[in-house]
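Please keep the sequence and the structure in view while reading.

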Amino acid sequence: MPVIELNISRIQKLVSGNVSKKQILDVLPFLGLDIESEDGDKIRIEYSPNRPDYSTEFGVALGLQGLLGIKKGIQKTSIKKKGKFAIKVDSSLTKIRPYVTGIIAKNGTLDSDDIQQLMWMQEDLHNGIGRKRKKSSIGLHDADKISFPLTYTTTSREHKFVPLNSNTEQTIDEILNNTEQGQNYGWVIENAKNIPIILDSEQNTISFPPIINSALTTVTSNTKNILIEVTGINKDSVEDALSIVMSTLKMAGFEFEELKISGNKNSTPQLKDRTIIYDPKFTSEILGIDMSLSNMVACMKKCRLDASVKGKKIACIIPPYRFDIFGQMDLVEEIALGYGIANIEPKLSPSTTIGQKNDITIKTELIRKTAVGLGFLEALNASLTSKKILYNMTKRNSSQIISVLDSKSQEHTILRDSLLPGLLENLSKNIHESYPQKLFESGVVFSKGEPIHESINLAVIIAYKDTNYSELKAIMQSLLRTNFKINSKTKTSKNQELFVEGRHADIFVNEKKIGEIGEINTEILETFRIRTSVAGFEIKLSGLIFD
């Protein structure tokens with residue numbers, strides 16, 4: 001979880017009103033902020049990655065204003081449309097880094113602490129919604145040092161400019177090799193011949209996204225007008241990042257002017273509020289509170305949303321930077337925060353039912369305990385994975401692939417049908433650790449059907465130079481026989497996808513195939529950068545030890 005340092009005196013000034021330090025410390029946890037430490041006027045807080053607007057004192061102050069009742073409703077933001085500033089996008093970026101958005105923040109002032117806060121926010125956004133600058137990256141520039149209009153285009157690796165925090169002109173390759181930013185994020189552009197670049201009308205380099213800005217446009221305490229540009233491969237991520245920066249700079253006292261964007265399917269950002277129609281029945285059903293519609297509206301406004309009664313429901317207006325709000329349940333949480341978590345009285349459930357573990361949990365726990373006793377570590381991988389890991393790197397047949405629509409991740413869009421590829425990925429990320437490495441996982445896998453069929457599998461993998469089929473077969477038989485008195489047999493089979501020929505078998509119980517076991521193909525190990533022997537098995541537990 002991201003951690004930032006706040007100055008209480010600065011927070012008091014931003015919040016305005018006669019607010020004491022105690023009031024601020026009392027309310028911070030109800031914004032979802034955990035206080036890690038306190039040292040005089042400074043406190044360190046941890047915030048949830050789904051609320052990047054809390055990555056600066058400005059964003060925290062905005063939330064405090066609402067819960068303390070100082071200012072309620074949406075922070076109003078207007079954008080002047082004078083047509084003075086523009087950026088044109090070249091078609092050469094289509095397959096490289098196609099999206100750009102931005103805005104001009106005007107007539108503001110920043111001190112050194114403000115600038116440091118903006119830099120921290122920038123990096124938190126890069127690491128969060130920007131996925132380490134792959135999906136989106138932000139550039140902040142002194143707009144008065146720039147000759148508009150701008151051009152977002154590509155250049156060669158021989159292109160030269162003076163990068164941020166330097167006074168020496170360098171080529172693109174030199175920047176990638178010699179600067180901290182280039183070493184940390186050069187992987188994003190890999191070995192591309194055409195490099196994304198932003199130039200002004202006098203052909204001065206403004207930015208080399210997603211790596212580094214030009215020294216020419218460095219933001220200082222003398223900066224009054226700021227160009228915010230965001231580039232990336234995902235349009236939503238790019239616009240979400242811009243909305244956070246705008247909200248922050250609005251609290252810092254800036255005004256905004258439109259940056260017209262054209263070319264290569266890009267357009268000027270609209271940054272419009274969203275409306276969700278809220279059904280008030282959820283307030284009583286989820287929170288157990290009988291509340292009038294007007295009180296619900298008041299609670300939403302304390303969370304810096306706007307709302308109004310529409311018949312028997314509530315129209316809630318969501319600002320662009322609150323992209324963490326998706327639907328009804330999120331608004332229930334906002335109402336709870338506005339009402340005051342401390343004001344909600346706990347009630348005993350009317351149900352007399354006593355909870356207990358189900359059969360699946362009991363039996364999988366037996367397997368876990370036995371596996372741990374045999375020296376294995378448990379892995380917990382996500383059910384959503386990538387085609388690259390699940391099929392391409394393991395050379396498995398992808399004809400039965402199950403893709404998920406509208407996944408929030410561009411990489412993880414496939415429902416897994418096997419656990420072994422995930423364990424191989426775990427090994428590949430631990431190649432610098434000592435061997436032997438022994439991992440297991442029990443979890444849900446998916447197969448095509450109407451509806452999609454779910455079953456629970458168990459996979460076990462061992463990696464070290466002397467591991468082999470026989471060692472793993474003994475472990476597999478021990479797991480089944482010790483816990484469930486199940487005797488299994490193996491029959492040699494041909495599987496050219498994952499296992500070594502002649503060192504692979506199908507696993508049977510009562511003449512029914514339940515899985516596969518064998519030594520992993522060396523070509524597959526090479527794709528995962530694993531330089532030692534690996535053996536593994538995977539069996540289907542559903543239908544074997546539980547229905």
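At what angle do helix H3 and helix H7 pack, and how far apart are their axes? In this predicted model, helix H3 (residues 57-67) packs with helix H7 (residues 235-251) at an angle of about 75°, and their axes are 8 Å apart.

**The H3 and H7 helix pair**

- Because angles of 65 to 115 degrees count as roughly perpendicular, H3 and H7 are therefore roughly perpendicular to each other.
- On the H3 side the contact is made by Phe58, Ala61, Leu62 and Gln65, while H7 contributes Ser247, Thr248 and Met251.
- Sorted by class, this contact of H3 with H7 has four nonpolar and three polar residues, and no charged residues.

**The seven-stranded sheet**

- Seven strands form an open sheet with mixed pairing, and their order is E18-E21-E22-E26-E25-E24-E23.
- The edges are strand E18 (377-378) and strand E23 (489-492), each of which pairs on one side only.
- Strand E21 (residues 437-447) pairs with strand E22 (residues 453-463) in the antiparallel sense, over eleven bridges, and Leu439 has Ile461 in E22 as its bridge partner.

**Helices against the strands**

- Helix H11 (residues 359-373) packs on the sheet, where it touches E18, E21 and E22, and the direction of H11 makes about 155° with that of E21.
- Helix H13 (residues 420-428) lies across E21, E22, strand E24 (499-509), strand E25 (512-520) and strand E26 (534-540), and H13 runs at about 35° to E22.

How values were computed:
Residues numbered from 1 in each chain as written. Predicted model: local features only at pLDDT ≥ 70, side-chain atom pairs only at ≥ 80, totals over all residues. Heavy atoms only, no water. Axes fitted to C-alpha atoms, helices over the stretch in contact; angles between N-to-C directions. Helix = DSSP H or I, 4+ residues; strand = E, 2+ residues; numbered from the N terminus. Parallel < 35°, antiparallel > 145°, perpendicular 65-115°, else oblique. Contact = heavy atoms within 4.5 Å. Nonpolar A, V, L, I, M, F, W, Y, C, P; charged D, E, K, R; others polar. Pairing = 2+ DSSP bridges.
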